[in-house]
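This report describes one protein model in plain terms. Look at the sequence and the structure first, then read on.

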Amino acid sequence: MFPELGHFCLILALCLAGLQTIFFVFSFNQHIKQFNLIRPLALGQVFFIWLSFLILAISFVNDDFSVQYIAHNSNSALPVYYKLTAIWAAHEGSLLLWVLILSAWMLAVIVASRNWVVGFSNKVLAVMGCINLGFLILLLKSSNPFLRYITDIPLDGVDLNPLLQDLGMISHPPILYMGYVGTVVAFAFAIAALLNGQLDEVWAKKLRPWVLIAWVFLTLGITLGSWWAYYELGWGGWWFWDPVENASFMPWLTATALLHTLAVAAKKGRFLRLALFLAISTFALSLLGTFIVRSGVITSVHAFAADPARGVFVLQFLFLAIGGALFLYAIRAPKLIVPDLANNKITNKELGILSNNILLLIATGTVLLGTLYPVLYDVMFAQKLSVGYPYFNAVFVPIILIMLAIMLPAVMPKPKALLLLVAFSLLLAISFLVIYFKLPKLNAYIGLSFALAIIFSTLYMRKKSSMTLGHIGLAVT
């Protein structure tokens with residue numbers, strides 16, 4: 001009966017998420033009594049989802065091979081830490097981990113929003129509950145990790161895939177999901193602002209820490225994933241432009257643009273509508289990544305599942321959630337009450353940030369095109385086609401080089417010092433590459449010189465530690 005209890009907990013969480021969605025849809029007026037039930041309903045979801053995950057974990061540790069998911073992904077001889085890792089080793093468990101982490105972000109919002117305006121915090125939680133509802137439906141409809149064998153219960157499990165018995169499997173998925181799923185907070189903030197009809201610096205200040213935390217987790221998760229793939233799969237570099245790797249990289253690019261936009265919006269009240277669009281786009285790309293990983297439409301060594309039915313559901317959910325959000329943005333964004341900045345001139349720094357954001361969006365578009373083009377080509381011409389690293393390097397690298405060039409005046413605003421620094425960095429880069437690697441490529445000279453210039457100028461200017469670390473990290477990459 002123990003696994004059935006976990007299944008029942010998911011059903012209760014689904015019911016609470018459904019009630020939360022109903023109250024949200026029909027009770028936009030915060031004075032309506034049911035609207036105030038959104039917070040306790042969210043707490044109930046958190047409790048039952050975490051209890052369900054705990055039950056599955058205990059079932060794994062106790063080797064309950066009557067549960068199909070456990071029999072397929074574990075073994076009695078497996079160490080306990082790998083039994084727990086096996087929870088997210090396949091589609092069903094990884095989807096439960098997704099829902100668990102979404103509920104964790106919901107709990108964080110509940111705790112942090114105690115001093116927020118009640119109507120706004122309830123709208124944020126309600127949007128997160130609507131997203132949770134969609135994934136709970138998918139989990140219970142076609143991805144239930146608690147299904148049992150009716151007959152012929154195996155005495156032992158199949159075992160966890162040997163490639164997944166690794167430190168990377170223990171750390172990479174939960175950390176990556178924390179960033180991936182964390183983008184839902186920005187999405188919820190955007191929808192709440194659109195519904196309220198007002199947007200200002202306070203909104204940007206409240207949102208920025210949430211985006212920063214999600215971005216840090218996403219950065220760390222991508223780094224761990226590329227490191228793991230590098231030594232496990234023998235790729236010829238840290239990044240091989242695999243479709244599933246791209247699925248997490250695209251929201252990282254737009255989240256980076258969102259972070260810089262919010263930095264200006266929180267101080268000057270500029271780019272607020274752009275921040276809304278980037279918040280929606282970042283979560284949209286996270287959902288698209290979920291579709292890529294779980295649909296089987298794109299071949300990848302990282303894909304969790306190849307079930308078209310699950311892929312169709314995720315695609316429908318993507319169109320419903322993001323299509324609805326973009327429609328709301330189209331009709332409400334022009335009418336939003338925003339600070340009047342007509343008399344304030346845009347500064348060079350703000351213009352640089354805006355230019356870099358545009359380049360980041362273009363770079364995201366090139367990655368998106370290269371990732372989805374094989375699918376579109378197959379649909380249109382019924383022929384298989386692959387897009388590999390030559391395309392991505394050819395179109396992505398020049399965009400990033402331009403972005404680095406625009407970054408330099410921002411981190412080193414003194415023109416004379418900047419020229420001397422670039423000249424010195426170029427000389428150093430050419431000397432290093434020619435002597436040690438004999439690389440006569442122009443891209444290599446330019447890229448390394450820009451990277452060195454950014455590192456030296458960032459250290460010289462002694463900006464905030466977080467900014468210094470971020471810019472040096474980009475230069476090293």
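Which residues form a positive surface patch? The patch is made by Arg208, Lys267, Lys349 and Lys464. A patch takes residues with over 30% relative accessible area and no salt bridge; like charges are joined within 9 Å, and nonpolar side chains (Val, Leu, Ile, Met, Phe, Trp, Tyr) within 5 Å. Lys and Arg count as positive and Asp and Glu as negative, while His and the chain ends are not counted. The place of a charge is NZ of Lys, CZ of Arg, CG of Asp or CD of Glu. Accessible areas come from the Shrake-Rupley method with a 1.4 Å probe, and for residues only the protein chains shown count as cover.

The model is predicted: local features need pLDDT of at least 70, side-chain atom pairs count only at pLDDT 80 or more, and totals for chains, interfaces and linings use all residues. Residues are numbered from 1 along each chain as its sequence is written, and side-chain values use heavy atoms, with hydrogens and water left out.

**The chain as a whole**

The protein chain has 16 helices and zero strands. Helices (H or I, at least four residues) and strands (E, at least two) are DSSP runs numbered from the N terminus. Along the principal axes, the C-alpha atoms fill a box of roughly 75 × 60 × 45 Å.

Of the 477 residues, 52% count as buried. Buried means under 20% relative accessible area, exposed means over 50%, and partly exposed lies in between (1.4 Å probe, protein chains only).

**Two residues in contrast**

Is Leu96 buried or exposed? Leu96 counts as buried because its relative accessible area is 0%. Its place is in helix α5 (residues 91–112). Leu96 and Gly311 are 215 residues apart in sequence, and their C-alpha atoms are 16 Å apart in space. Lys464, from the positive patch, counts as exposed because its relative accessibility is 56%. Lys464 sits in the loop between α15 (442–461) and α16 (465–476).

**Salt bridges**

How many salt bridges are there? The count comes to five, where a salt bridge is a side-chain nitrogen of Lys or Arg within 4 Å of a carboxyl oxygen of Asp or Glu. The table shows some of them.

| Pair | Distance, N to O |
|---|---|
| Glu4 and Arg148 | 2.7 Å |
| Asp63 and Lys83 | 3.0 Å |
| Glu350 and Lys268 | 3.0 Å |

Glu4 and Arg148 meet in a salt bridge. Glu4 lies in helix α1 (residues 2–26) and Arg148 in the loop between α6 (118–142) and α7 (167–196), so the pair ties together parts that are 144 residues apart in sequence. Glu4 is partly exposed at 31%, and Arg148 is partly exposed at 25%. Glu4, Asp64 and Arg148 are linked in a network of salt bridges.

Asp63 and Lys83 also form a salt bridge. Asp63 is in the loop between α2 (38–61) and α3 (68–73) and Lys83 in helix α4 (residues 80–85), 20 residues apart. Asp63 is partly exposed at 23% relative accessibility, whereas Lys83 is buried at 6%.

Glu350 and Lys268 form another salt bridge. This pair joins helix α12 (residues 348–381), which holds Glu350, to helix α9 (residues 243–268), which holds Lys268. Glu350 is buried at 4% relative accessibility, whereas Lys268 is partly exposed at 41%.
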